[in-house]
2 protein chains.
Amino acid sequence: MTCERDEATTNELRHDWLADRWVIIAPQRTERPDDFVRQPVEPADGADCPFCRGREDNTPAAVASYTGRHSSLAWDVRVVPNKFPAVNAPLVGVESSYLPPRSGGSNGNRQTESIDLFRRRDLSGGHEVIVESPLHVQSISQLDREATGLIFEAYRDRLRYWLNDRRLEYAVLFKNVGEDAGASLAHTHSQLIATDMLPTDVERAVRRMRLFADQEASCLFCRMAEDELEQGSRLVEQTPDFLAFCPFASRLPSLVTILPKTHQSEFEKISNAQLEQLSWLTHRLVRRIERCYPDRAYNFVIHTAPACEQGSEAFHWRLEIFPRLTKVAGFEWGSDCYINPLAPEMAAAALRQAGV
Amino acid sequence: MTCERDEATTNELRHDWLADRWVIIAPQRTERPDDFVRQPVEPADGADCPFCRGREDNTPAAVASYTGRHSSLAWDVRVVPNKFPAVNAPLVGVESSYLPPRSGGSNGNRQTESIDLFRRRDLSGGHEVIVESPLHVQSISQLDREATGLIFEAYRDRLRYWLNDRRLEYAVLFKNVGEDAGASLAHTHSQLIATDMLPTDVERAVRRMRLFADQEASCLFCRMAEDELEQGSRLVEQTPDFLAFCPFASRLPSLVTILPKTHQSEFEKISNAQLEQLSWLTHRLVRRIERCYPDRAYNFVIHTAPACEQGSEAFHWRLEIFPRLTKVAGFEWGSDCYINPLAPEMAAAALRQAGV
């Protein structure tokens, strides 16, 4: 079951079953000339960084903090409400009483008498920042194993906190590193957004996972994990409980998906031992990516079950991590069809070879 | 029917009816600090530019060229096959005999016995570059009215050429200006991609337009054009036959849509007089955007009817133009829900005030 084509030179379409979307894999595009000299973006030196130790007054008060066993500091990881939130609700001392009742669905087009092209509504929920070190460190790859583990503890706790609020529909944990990945501050941090609205494309993904489970009597990602382990050509690394691979129909070059090998719908319910394994696997993947693509921006995203899928047999959580090597250009905005110039098999080989 | 909220400060959700997607309008986000000092990207000086006059041998042979009435040059606009195509087919001297028969809707998930997570297929069609000046000019805003008109003639002719090939499903014309918009060369140019596959999201948009037409006995964009002209707050400019406005639920800040005021499904069928009006309106919008956001990258895209919608009462062509002011970050990749920090009413006011 290995790939028979020459992935290095053949353009082709691949179908992303989950998104039900074709992706163009176009290795010939990598030979293009480039007029634009990339200037390394110089981040500020941290002299005014609001996330550094001693400047806690520059952020809203912490809602949680974590300290390592042998640490002498007041905190090693600190969670604060985002000072510039994308959602409306106040966030300090939350008992969520400000939240409206869950809207029950909300995305479907109501069959009213006349279609309203100007629908608007309030958005409630939470928007938090996880500050991942008291020092002006810019990547988790500079942290040790215990510090990395603490960060993932914070991810788990905060996702659990927000998804336990029954008035909310959705929560996502994400990290933007570097300007091209959407970061505005260089100090290592991640963010969590929780909303009382289930985004349309997440709802579509949920429907696809349910469809797969109905037709195949198996979870989509359980099947995919088995297939990727068997085929091997897109595998980057595995641990006893997780695998990391470059998905067959990635929209972006060198995107890596981490899956638990056995079925789990909610990231926030994983055990301490698994959390430790996952956090260090992610750390190693960041180092692989940084070796292959020095100074490039990257993102990661934890897709856990939205409220409607808690305990689901169809939904399987995943972590996606992707360096920002290409730009979203006019064709992609026009068609929502992506051109990925690096075949996932080639990407996986390069990441495997980037020893850690 | 004017907007009653304070668009400058209130976060809210707005529904994009066409995409059936909620967008977060979050003006509070514009106050964020910024660690990253933006270095102006220095494009090459053109000494090796393959698009300049005299270097025609550096590209494949032209498939079409255009010369102004009073021009003494061999060409003012030149269309060549893309040397680094995203689609497989050879492109020179096309009679399209290499293309496979039209696949007949291709996106649906076939109800086969077992779901195949590794579907792949060839992609055929065309990928062309429209070189928009013999000189090393970097924006159409530096060209005069006649030169701009010639470019739009090329757009119309090439879209017509490809969409006349009955084995193709889809064609899109797009422009990437600046590195952040996905350009690899600075010399002013646009691109056309035609495929024998209808991208999933275009198919979804077609279904939404048909649904609107069925329910409302009116075309979606005919209705929207009326509403935008009546409300006025998002209008940037109008001509006798076109209007330009910032759509109510834009995913991106300062995105402008141009619509013909009366129903037209196919851009490539517009009259010479309308083409001249449209090309100069687009030129003015580029100048407005360049005044508001100097040195920022931008894209534009012409969404014309795919093969299945030719002559359709439901599909209305449009041109979208958008500066690249924000980055697609982890939240957007995770949820496909976009955070737009600039309310469209504010964006339109700024663009109106940027006199041309």
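Reader: In which sense do strand β2 of chain B and β14(B) pair?

Author: The model discussed here is predicted. In chain B, strand β2 covers residues 21-25, and two bridges join β2 to β14(B). The sense of this pairing is parallel.

Reader: Which residue of β14(B) is the bridge partner of B:I24?

Author: Strand β2 of chain B spans residues 21-25 and pairs with β14(B). The bridge partner of B:I24 in β14(B) is B:I339.

Reader: Which strands form the edges of the open sheet that contains β14(B)?

Author: The sheet has four strands with mixed pairing, in the order β5(A)-β1(B)-β2(B)-β14(B). An edge strand pairs on one side only, and this holds for two strands. They are β5 (120-121) of chain A and β14 (339-340) of chain B.

Reader: What is the phi of A:D20, and is A:D20 buried or exposed?

Author: A:D20 is found in the loop between β1 (12-16) and β2 (21-25) of chain A. Most residues other than glycine have a negative phi. A:D20 is not a glycine, yet its phi is positive, at about 50 degrees. Its relative accessible area is under the 20% cut-off, so A:D20 counts as buried, at 14%.

Reader: Is A:A217, which also has a positive phi, buried or exposed?

Author: A:A217 is not a glycine, and its phi is about 50 degrees. The residue is placed in the loop between α2 (200-216) and α3 (220-231) of chain A. The cut-off for exposure is over 50%, and because its relative accessible area is 75%, A:A217 is exposed.

Reader: How many aromatic pairs does the structure hold, and what is the geometry of the pair A:F152 and A:Y155?

Author: Over all chains, the structure holds 22 aromatic pairs. In the pair of A:F152 and A:Y155, the ring centres are 4.8 Å apart and the planes are at 55 degrees, a tilted arrangement. Both residues are buried, and they lie three residues apart, about one turn, in helix α1 (residues 145-163) of chain A.

Reader: What is the geometry of the pair A:F267 and A:W317, and how many residues apart are they?

Author: The pair is edge-to-face, with 5.3 Å from centre to centre and 80 degrees between the planes. A:F267 is in the loop between β11 (256-260) and α4 (272-292) of chain A, whereas A:W317 is in the loop between β12 (298-303) and β13 (318-323) of chain A. Both residues are buried. This pair links distant parts of the chain, and the separation is 50 residues.

Reader: Which arginine lies over the face of A:W17, and which over the face of A:W22?

Author: For A:W17, the arginine is at 3.9 Å from the ring centre and is A:R208. For A:W22, the arginine comes from chain B, at 5.9 Å from the ring centre, and is B:R121.

Conventions. Residues are numbered from 1 along each chain as its sequence is written. Chains are lettered from A and ligands numbered from 1 in the order in which they are written. This is a predicted model: local features need pLDDT of at least 70, side-chain atom pairs count only at pLDDT 80 or more; totals for chains, interfaces and linings use all residues. Side-chain values use heavy atoms; hydrogens and water are left out. Two strands pair if DSSP finds at least two bridges between them. Buried means under 20% relative accessible area, exposed over 50%, partly exposed in between (1.4 Å probe, protein chains only). Rings of Phe, Tyr and Trp (its six-membered ring) pair if their centres lie within 6.5 Å; planes under 30 degrees apart count as stacked, over 60 as edge-to-face and the rest as tilted. A charge sits over a ring if NZ of Lys or CZ of Arg is within 6 Å of the ring centre and within 35 degrees of the ring normal.
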